Amino acid sequence: MTASEVQRSSSRTESSALPATGPGFAHGKAPQGRILRPSAKVLPEHARGHNRSLVLQTLYREGSRSRADIARETGLTRVTISALVAELIADGLVVELGQREETRPGKPATLLDLDRSAFVIVGLDLSEHSTFSGALLDLDGAISARAEVALAGSTGQDAVDKVIALAAELVDRATAPILGIGVGSPGVVDLGGVVLSAPNLGWNGMPLQSILNDRFGVPVVVANDANAAVLAEHSFGAADSDAMLIKIGHGVGAGLLLGGTPLFGSRFAAGEIGHVVVGTDGGEVCACGKRGCLETWLSIPNLIERLDGVQPADAREREAVLREAGERLGIALAPVVGALDLSEVILSGPTELLDGPLAAATVETLRARTMAEFHGSLTLRMTTLGQDIVLRGAAVMVLSGQLGVS
Ligand SMILES: [Zn+2]
């Protein structure tokens, strides 16, 4: 057990029959699929959970497999697979679909699949400025119900009460057992789901994960919204194993995956690039007190304010504002792309503002400031997951934490 798992398991009661396999990301390695890499070596005492995750991951990504297929694809023995499958069927996670039509003589194989509607996941997105939104998701990340609650300036305990009310509404509407609750929160969140700092919500050291766990008695994972978003891109989008997702909204934050492993940083603030000062030419005063933070150009309220300052008919001036924001983003990202050799940068936020001159200027700046030979093929694109990216990322956190699949 890793230190973070010890921390997690002591910080909550595990009421689910399903064993947690890791702190918000998968604890197994499969030969196929887009699994997140384990951060530690698999020890013998973890082998059973690891093998269980291998079977689940194979079915999750490939679907409809026989026991013999799974044995071949995972490299585990037929005996091990039969025992694990029996256990997973008893848990209601795996179902037998029937027999495969065989052209060969002999007994036809029985096909298995993950029962994708056996459980639901409650996903919450707290990252929007005026609204908390939530959804019920199936194991494939498809949304079956939605709910939202107006924030109306709530902070502190009032904001926590709204999170609880939103989760309660969705829990009440669930028509299958709940696998867990995943939450994407703004701010800096540690691996135990404590929101260390979220200034807009007035949260400092708010133990949101344990509050929700105590209230609902199901596994809960709380993480930073951009970190959740990059997991959604990895599992349900097309993100590479070395990718950075920049989430641009009321603030600017980023989620990082390196070699398929989420990066949290020494103080859980990896990806917090919004208050990095870009350039040595001053700039506007930021809410944090510094001058020339990336957010002063790029956050959506600041970007809209700058655009409001130009004549609506002046297309060139408008483009110049967007290009400058994109260039500042490129300046902030170039050393990160260079140091980490990222292959992909993904933008999440309002397409009408980001996708165009802004993104083009970011790419040009990145190419001009990094090594063409290695970073010239870097791609920058908008997310394909739209506004549901945090909700779906919250589901990935529950899936990887509870089942070891991603
Ligand atoms: Zn700042």
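Author: Let us begin with burial: a residue is buried under 20% relative accessible area, exposed over 50%, and partly exposed in between, with a 1.4 Å probe and protein chains only. Helices (H or I, at least four residues) and strands (E, at least two) are DSSP runs, numbered from the N terminus. This is a predicted model, in which local features need pLDDT of at least 70, side-chain atom pairs count only at pLDDT 80 or more, and totals for chains, interfaces and linings use all residues. Residues are numbered from 1 along each chain as its sequence is written, and side-chain values use heavy atoms, with hydrogens and water left out.

Reader: Which residues of H2 are buried?

Author: They are His50, Asn51, Arg52, Ser53, Leu54, Val55, Leu56, Gln57, Thr58, Leu59 and Tyr60.

Reader: How does one describe the packing of two helices?

Author: Two packed helices are described by the angle between their axes and the distance between the axes. Axes are lines fitted to C-alpha atoms, for helices over the stretch in contact, and angles run from 0 to 180 degrees between N-to-C directions. Here the axes of H2 (residues 47-62) and H3 (residues 67-74) come within 10 Å and cross at roughly 110°. The two helices are therefore roughly perpendicular, a term for angles of 65 to 115 degrees.

Reader: Which residues of H2 and H3 meet?

Author: Leu54, Val55, Thr58, Leu59 and Glu62 of H2 meet Ile70, Glu73 and Thr74 of H3, where contact means heavy atoms within 4.5 Å.

Reader: What does a positive phi tell me?

Author: Most residues other than glycine have a negative phi. Just after H2, Gly63 takes a positive phi of about 65°. Ser64, in the loop between H2 and strand E1 (65-66), has a phi near 35°, a positive value in a residue other than glycine. Ala152 likewise has a positive phi, near 45°, and is found in the loop between E6 and helix H5 (156-173).

Reader: Are Ser64 and Ala152 buried, partly exposed or exposed?

Author: Ser64 counts as partly exposed, at 32% relative accessibility, whereas Ala152 is exposed, with a relative accessible area of 68%.

Reader: How many salt bridges are counted?

Author: A salt bridge is a side-chain nitrogen of Lys or Arg within 4 Å of a carboxyl oxygen of Asp or Glu. By this rule the count comes to 18. One of them joins Asp388 and Arg146, with the closest N and O atoms 2.8 Å apart. This pair links distant parts of the chain, 242 residues apart: Asp388 lies in the loop between strand E15 (379-382) and helix H14 (389-402), and Arg146 in strand E6 (residues 143-150).

Reader: Where do Glu233 and Arg381 lie?

Author: Their side chains meet in a salt bridge (2.9 Å, N to O). Glu233 lies in helix H7 and Arg381 in strand E15, so the pair ties together parts that are 148 residues apart in sequence. Glu233 counts as buried, at 0% relative accessibility, while Arg381 is partly exposed, at 21%.

Reader: Which residues are linked in a network of salt bridges?

Author: Arg48, Arg52, Glu87 and Asp91 are linked in this way.

Methods: Angles under 35 degrees count as roughly parallel, over 145 as roughly antiparallel, 65 to 115 as roughly perpendicular and the rest as oblique.
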